[in-house]
Amino acid sequence: MKQIKGQNRNWNNGLKSETQKFNTAIFAKKVIQIDHTLDYLRESLSNYIENDLCQQIYEKVESRNYSSEEEFVRDLDDDEMSYLNAMLEREINYAKNVQNDSRVKELNEVYELLVL
C-alpha cells in the first residue's frame with residue numbers, strides 16, 4: 001500500500017511539472033504575440049519617420065517596454081492618436097491590397113484600440 005501511494009505522489013509531481021511547462025509555453029506565446037504586434041507597428045512607423053509626430057511615436061515604441069498594445073495606446077496623446085489612426089488606415093489598406101493577412105491582423109489590433 002505504501003508503494004502505491006509513493007507511485008501516485010511521483011505521478012502527481014510529474015503532472016504538476018508538465019502543467020507548469022504548458023502554462024509557461026502559453027505565457028511565452030502570449031508575450032511573443034504582443035511583441036509581434038508592436039513590431040509590425042514599429043515597421044509601419046519607420047516608413048513615415050521623416051514626420052516629426054511619427055518620429056515621436058516611433059521613439060515611444062522603441063524606448064519604452066510596453067506590456068501590451070493597450071498600454072501603448074493609453075500612453076499616446078490626442079495628436080499622436082490622430083496621426084496613428086490615419087497612418088494605420090493607409091497601412092492596413094496597403095496590407096489588404098497585397099494580401100498580407102498577418103500584417104492586417106496585427107495592425108488592426110492597434111487600430112481597433114484607437115477607435116474605441
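## Ground rules

A contact means heavy atoms within 4.5 Å. This is a predicted model, where local features need pLDDT of at least 70 and side-chain atom pairs count only at pLDDT 80 or more, while totals for chains, interfaces and linings use all residues. Residues are numbered from 1 along each chain as its sequence is written, and side-chain values use heavy atoms, with hydrogens and water left out.

## Overall build

Among contacts in the protein with a separation of 6 or more, 60% join residues 24 or more positions apart. The protein has five helices and zero strands. Its elements run α-α-α-α-α from the N terminus on. Helices (H or I, at least four residues) and strands (E, at least two) are DSSP runs, numbered from the N terminus.

The protein has 116 residues, and 28% of them count as buried. Buried means under 20% relative accessible area, exposed over 50%, and partly exposed in between (1.4 Å probe, protein chains only). The accessible surface comes to about 8200 Å². Carbon and sulfur atoms hold 50% of that surface. Areas come from the Shrake-Rupley method with a 1.4 Å probe; for residues, only the protein chains shown count as cover.

## Where H2 meets H4

Helix H2 spans residues 52-63, and helix H4 spans residues 78-97. They pack at an angle of about 100°, with axes 10 Å apart. H2 is therefore roughly perpendicular to H4, a label for angles of 65 to 115 degrees. Axes are lines fitted to C-alpha atoms, for helices over the stretch in contact, and angles run from 0 to 180 degrees between N-to-C directions.

From H2 come Leu53, Cys54, Gln56, Ile57 and Lys60. They meet Asp79, Glu80, Tyr83 and Leu84 in H4. By class, this contact has five nonpolar, one polar and three charged residues.

## Arg103 in H5

Arg103 sits in helix H5, residues 101-114. Arg103 counts as buried because its relative accessibility is 8%. Leaving out residues up to four places away in sequence, Arg103 touches Tyr40, Glu43, Ser44, Asn47, Glu91 and Ala95.

The Arg103 side chain makes polar contacts with the side chains of Ser44, at 2.8 Å, and Glu43, at 3.5 Å. A polar contact is a pair of N or O atoms within 3.5 Å; within protein, one must be able to donate a hydrogen and the other to accept it, and residues adjacent in sequence count only if both atoms are side-chain atoms. Arg103 and His36 are 67 residues apart in sequence and 9.9 Å apart in space, C-alpha to C-alpha.

Methods: Parallel < 35°, antiparallel > 145°, perpendicular 65-115°, else oblique. Nonpolar A, V, L, I, M, F, W, Y, C, P; charged D, E, K, R; others polar.
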